[in-house]
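Work through the exercises below with the structure open. Each task is followed by a solution in steps.

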Protein chains: 2
Amino acid sequence: MAVSSRVRFLILFIFGIFIAKGCNAAATDIELDAKAQLLHRLDSLNLLLYTFLLILTVLTIWTFKHRRLRFLHETGLAVIYGLIVGAIIRYGFTTNSAIQHMPVVPDNSSKYNQSVPPDTLWLRFPEDKGGGVIKNKTFAYTFRGEIYKQDNEIDLKATFDPEIFFNIILPPIIFHAGYSLKRKYFFRNLGAILMFALLGTTISSFVIGVLMYAFIQLIPHLASSFTFLDTLYFGALISPTDPLTIISIFNDLHVDVNLYALVFGESVLNDAVAIVLSGSIQNYGERYQSGSGGFETVAFFQALGDFVGIFSLSLFIGATMGCITAFLTKFTRVRDFPLLESALFVLMSYSTFLIAEASDLTGVVAVLFCGICQAHYTYNNLSTDSRHRTKQLFELLNFLAENFIFSYIGVSMFTFPKHHFDPGFIFAGFFCALVGRAANVYPLSFLLNLGRKPKIPINYQHMLFCAGLRGAMSFALAIRNTVSDARQAMLTTTSLIVILTVIFQGGGTTQFLSWFDIPVGVDEEVEGLSYNGVRSPYDSVDSAGSGGEGGFGDLDVHRERTPPYNSMQDGSLPGGSGTKGNEKALLARIWGDFDTKYMKPLLTHSRPTLLETLPVCCGPLARILTTTQQMTQDDVTRHVDSDSDLHVEIREMERRRTSIQPRKRNDDLDDDDDDDDEDLRIIGLEGFIPLRTL
Amino acid sequence: MAVSSRVRFLILFIFGIFIAKGCNAAATDIELDAKAQLLHRLDSLNLLLYTFLLILTVLTIWTFKHRRLRFLHETGLAVIYGLIVGAIIRYGFTTNSAIQHMPVVPDNSSKYNQSVPPDTLWLRFPEDKGGGVIKNKTFAYTFRGEIYKQDNEIDLKATFDPEIFFNIILPPIIFHAGYSLKRKYFFRNLGAILMFALLGTTISSFVIGVLMYAFIQLIPHLASSFTFLDTLYFGALISPTDPLTIISIFNDLHVDVNLYALVFGESVLNDAVAIVLSGSIQNYGERYQSGSGGFETVAFFQALGDFVGIFSLSLFIGATMGCITAFLTKFTRVRDFPLLESALFVLMSYSTFLIAEASDLTGVVAVLFCGICQAHYTYNNLSTDSRHRTKQLFELLNFLAENFIFSYIGVSMFTFPKHHFDPGFIFAGFFCALVGRAANVYPLSFLLNLGRKPKIPINYQHMLFCAGLRGAMSFALAIRNTVSDARQAMLTTTSLIVILTVIFQGGGTTQFLSWFDIPVGVDEEVEGLSYNGVRSPYDSVDSAGSGGEGGFGDLDVHRERTPPYNSMQDGSLPGGSGTKGNEKALLARIWGDFDTKYMKPLLTHSRPTLLETLPVCCGPLARILTTTQQMTQDDVTRHVDSDSDLHVEIREMERRRTSIQPRKRNDDLDDDDDDDDEDLRIIGLEGFIPLRTL
């Protein structure tokens, strides 16, 4: 982890460390030691800076939550604090770079004809030149990057290593998104989500790419430095929307679950799509290499193949690793040792990311689907202790990682040395980002509404448009490569778009929701889409956060809980069974059946067992793959639900029901693909009477 | 994070990645991109290697636990797996370094007369030399280290950055040690622990230093390269003992709590002592700089001052940050948002480490005492959710970090390029490490026994001697600086000592315990030391792991729980109240009183409140510092205990007691300084009747 010299010296200044200490030493060894120690201290100060920013953010978030202020969200806060601290570092102190650099040339004896610079240099002072006491030593230097403007005192140490973003910060965020996905509503809206995420992000990328290219032709100094591929790459990196801010507000306000599923599902998946897309564009560039920004059919189709191949292979790796973990936790008694079990869970999930990255696939996609599988299968096999532990661990990691990224975006706006502010490009970027988002949401909603029974109303479409804040993924992609001027301009524009959308769009979410009359405070079981209209928050109920993973990422304990009879009343409103059949695609239904019959019995302790679902000829195999626990379990005491709150909830529901009125039965559960219902049926206290419409 | 070229290429080999991909590119930019991508993939593979090693370790540990094999401990396993993988990487594949290096000399125009090498080099190929397409570009290179043997193809990328050990891996381990400390027994044996840790480690360091120096004089080729300061530094880094392995076995076997406290307390503190001591020795070296290994009084006393100053300042910072966290959690309602609360807790604790490191103090000491304070004060203010979350989080982090270090020690034995195997030095190192340990344990036990009422019996002394495995801290200190031959020989010897002690001493712990007739399966409340003799495991009871933090780090759920009446029976054995007064030092008693009267009421919600303990004149202040919760709380329903298990335990105890017989009263509670008793008194279901002798 590195820090700009400005940051370093500000901090040195503040903490009053004796840099001079040890400088009286004559021997090079001791000076090297002292230098290493100084660097260690500076690294610590750098980490400390961000830790303090996070502490500040946490305390302010708490104040806001406590005082129920909603005009600014935590990620917005983190960005703003980052900006302030960055500005202080930049303008509050004079630059006084202590980094000594020395121009060197190759040794006389060496010949070098490679097209890339060497990885390491060995520096040795010749006899006739300077070097003082270090004349007879050889020092090694490693490659850092290219320098464009020699007069520009670029501090190369200031690059926050993008490796850390990609290998350490991103995986827990993405895994958490998968692990905490409300799978029920996700699968119910799968068609729309896939449409928006896969097709929508691609459309958005191309629209932005083309528009940007057109814009750039109008500005002469930009036209020379950007190729069409560059603008297309920019389109790909600016297209993914960020779930964090919006989703946590949606959670607090209990926005209609289907809108929630659309926004969350889309933004989780489009991160994955964007990273694969940008990789394909780079590969296309490598293959085509005309540099003119032209178009070649073969390379294009290869890129398309890349896209499909990488995405599906990554998905496959993620799902496979998830299933292996489920298998391990089912067939070993590792659950007797919750610590080992949790460690295994974490390690398997992280290795999924690494395997995909190491195989030149996309770790983000792999870890996302791994998270979904872990939640769907493995979670059911875990001990109670491990369930809590893994949930809470990833929740915390996600929280810290998110806020770290947003603080860093703020700080880096001022301290990152490779920014390139180009007003024309920035303006064009903002405009195109808006147009790209619109080109994703509105046409696709129109298309979807042609075939979709509960249509996506226009106010939901507006909300989807407004929910298009840019976030961590865009920034991470932009900062990954900042060698050329074009890339630096992209980074600057991306940073600005992220900062402004997070602060203003994020902060305005509550306002947008009321402008567009989006139902808030909605019961999870009551689908807003079916009504197609406005419902007053007063007829809302609160069972959200208990039926599935709702309470998972939820910070707000100040929910107003309406009395249970409201829940009962709402349960009998129209819109339940009638429209459900239409919501499911054939594919989803087939998968649901397959999952219930084979995958769940194989990978979890759920029923029916494989003995019941496999053909008779496979009997012996089925016997091996069915655990004693699976055979002998007692329906009531088992905890196979994917959220332990659920179990309590069911008991409470039963209590309510028996004390108030019998429930209406709902018979179309056969084509039901979602696992929560699955679990409900399994734990169901009265056997197989469906609890869905409770 | 970097990896040796061997590792990299092995892994490349295994996973069959197409390195050649992108090599047809002509443009330097694209090649640079491809190179960056390759490095990213290699970093991923490197991380993956260790992740797999950890997964393997977890699965094997589980198997061992499941089959109740005790001959090898988990850390031993991690080391052995590491060794095997390291050996495969080293000998299974031919070296094929792909790192290109190029010798360079300073540019003609540059003059350089500093005594340290420059931080960065700017490489530019002159017109008349090679460089192919990269002729007109400037590249930046950063300093990595010195090269000693030019013919030795040292891959500088292979250094696993010690910064990562010190900034990322160590803090959670040390914090966990403090956070999970059984404070009750720790404070009861405080005198002995401080004696062993502070004085003992210093004695051990000097004994080892002197002996090693003597040895080295016998071997000519060593005598020239080692100074007395070098051997003293070696003494300091090899002296700290590692708690991990022993303690987890002690936990499983329920070894007598006082022995547990002695071993754990000493090994936790001596890590801190060793790191400060080695720093002081380095500073002494910087000040003295004769290089002859002579002795100078002023520098010596400055080093002594350093030692005392750094230790106490670090302790102060740690304790202060712990108290600030307690204060924050007491006086804000941040506990309403457990996620924010946990995040604050983690961030405050980590920032303690960073503040100390950034101020040139010792983060390890600070974070250790921060952990103790967090457990003592802050823990009581946390919400139930945060208590579980923080405990489980640090338990998991500690587990992963520990096993990572031990795997790495194994792997690095073969792959780290800077090993220097010197049989003489290694043999001397082993011998001196043993002698140093003996010089710590036996004389100090003798001294302690002069003033200590429950003496430390000879079998306990033997066990203390055998518990002296070396571990993570020694390795971390040794790998921090490997520039000179002497330091490299130290690293090799340290690695070997760590590996062999962990495998053999760790694996033999169970055997040692039975050889020395140490009581195992002991009730926490029954102090083995008082009996001075052998007790059969059959009259043991099991309340360990419930009265304090016992169950915290405990992996073993297979304990044999003896029926409660045994507990009752043991409780009435002699050795309780009679010896207790003698165990407490005056200082400890004063601190205990102060803590109960002022610190706990100020920093937690416990009673008595400051209104009761402060003099009347401070009434208004006391009122401000006393929360409503503190005033209005109900004694029975409050959870101020430092471990939520305790509460359940108390209820159970009460149940038992009321169902069996009334307990004997113990009146000497006033001079009782330990907080668990404090808590017992507060939660006590019958008001102020002490529960201690239950």
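A disulfide is a pair of cysteine sulfur atoms within 2.5 Å. The model used in these exercises is a predicted one.

**Exercise 1. Cysteines**

Task: Find how many disulfides the whole structure holds over all chains, and check Cys370(B) against its closest cysteine sulfur.

Solution: 
- Step 1. In Cys370(B), the sulfur has its closest cysteine sulfur in Cys373(B), at 7.1 Å.
- Step 2. A disulfide needs the two sulfur atoms within 2.5 Å, so 7.1 Å is too far for a bond.
- Step 3. In chain A, the sulfur of Cys370(A) lies 7.0 Å from that of Cys373(A), its closest cysteine sulfur, and this is also too far for a bond.
- Step 4. A search of the whole structure gives zero disulfides over all chains.
- Step 5. Cys370(A) has a relative accessible area of 0% and is therefore buried. Cys370(B) is buried, with a value of 0%.

**Exercise 2. Chain A as a whole**

Task: Describe the secondary structure of chain A and state what share of its residues is buried.

Solution: 
- Step 1. Chain A contains 28 helices and three strands.
- Step 2. Of the 694 residues in chain A, 63% are buried.
- Step 3. Take the contacts in chain A with a separation of 6 or more: 78% of them join residues 24 or more positions apart.

**Exercise 3. Helix 17 and helix 18 of chain A**

Task: Decide how helix 17 and helix 18 of chain A are oriented to each other, roughly parallel or roughly antiparallel.

Solution: 
- Step 1. Two packed helices are described by the angle between their axes and the distance between the axes.
- Step 2. The axes of helix 17 (residues 472-479) and helix 18 (residues 485-507) of chain A come within 9 Å and cross at roughly 165 degrees.
- Step 3. Angles over 145 degrees count as roughly antiparallel, so helix 17 and helix 18 of chain A are roughly antiparallel to each other.
- Step 4. The crossing of these two helices of chain A is left-handed.
- Step 5. From helix 17 of chain A, the residues in the contact are Ser474(A), Phe475(A), Ala478(A) and Ile479(A); they meet Leu491(A), Thr494(A), Ser495(A) and Val498(A) of helix 18.
- Step 6. By class, the residues of this contact are five nonpolar, three polar and no charged.

**Exercise 4. Helix 14 and helix 17 of chain B**

Task: Find the angle at which the axes of helix 14 and helix 17 of chain B cross, and list the residues that make the contact.

Solution: 
- Step 1. Helix 14 (residues 384-415) and helix 17 (residues 472-479) of chain B have axes that come within 10 Å and cross at roughly 50 degrees.
- Step 2. This angle makes helix 14 of chain B oblique to helix 17 of chain B.
- Step 3. Helix 14 of chain B contributes Ile405(B), Phe406(B), Tyr408(B), Ile409(B) and Ser412(B), and helix 17 of chain B contributes Ala472(B), Phe475(B) and Ile479(B).
- Step 4. The contact residues divide into seven nonpolar, one polar and no charged.
- Step 5. The crossing of helix 14 and helix 17 of chain B is left-handed.

**Exercise 5. Helix 14 across the two chains**

Task: Describe how helix 14 of chain A and helix 14 of chain B cross, and sort the contact residues by class.

Solution: 
- Step 1. The axes of helix 14 (residues 384-415) of chain A and helix 14 of chain B come within 9 Å and cross at roughly 85 degrees.
- Step 2. Helix 14 of chain A is therefore roughly perpendicular to helix 14 of chain B.
- Step 3. The contact includes Asp385(A), His388(A) and Arg389(A) from chain A, and Asp385(B), His388(B) and Arg389(B) from chain B.
- Step 4. By class, the contact has four nonpolar, four polar and six charged residues.

**Exercise 6. Single residues**

Solution: 
- Step 1. Ser204(A) lies in helix 6 (residues 190-218) of chain A.
- Step 2. Leaving out residues up to four places away in sequence, Ser204(A) touches Ser239(A), Gly436(A), Arg437(A) and Asn440(A).
- Step 3. Thr501(B) is placed in helix 18 (residues 485-507) of chain B and is buried, at 9% relative accessible area.

Methods:
Residues are numbered from 1 along each chain as its sequence is written. Chains are lettered from A and ligands numbered from 1 in the order in which they are written. This is a predicted model: local features need pLDDT of at least 70, side-chain atom pairs count only at pLDDT 80 or more; totals for chains, interfaces and linings use all residues. Side-chain values use heavy atoms; hydrogens and water are left out. Helices (H or I, at least four residues) and strands (E, at least two) are DSSP runs, numbered from the N terminus. Contact means heavy atoms within 4.5 Å. Axes are lines fitted to C-alpha atoms, for helices over the stretch in contact, and angles run from 0 to 180 degrees between N-to-C directions. Angles under 35 degrees count as roughly parallel, over 145 as roughly antiparallel, 65 to 115 as roughly perpendicular and the rest as oblique. A crossing is left-handed if the near helix is turned anticlockwise from the far one by less than a right angle, and right-handed if clockwise. Ala, Val, Leu, Ile, Met, Phe, Trp, Tyr, Cys and Pro count as nonpolar, Asp, Glu, Lys and Arg as charged, and the others, Gly among them, as polar. Buried means under 20% relative accessible area, exposed over 50%, partly exposed in between (1.4 Å probe, protein chains only).
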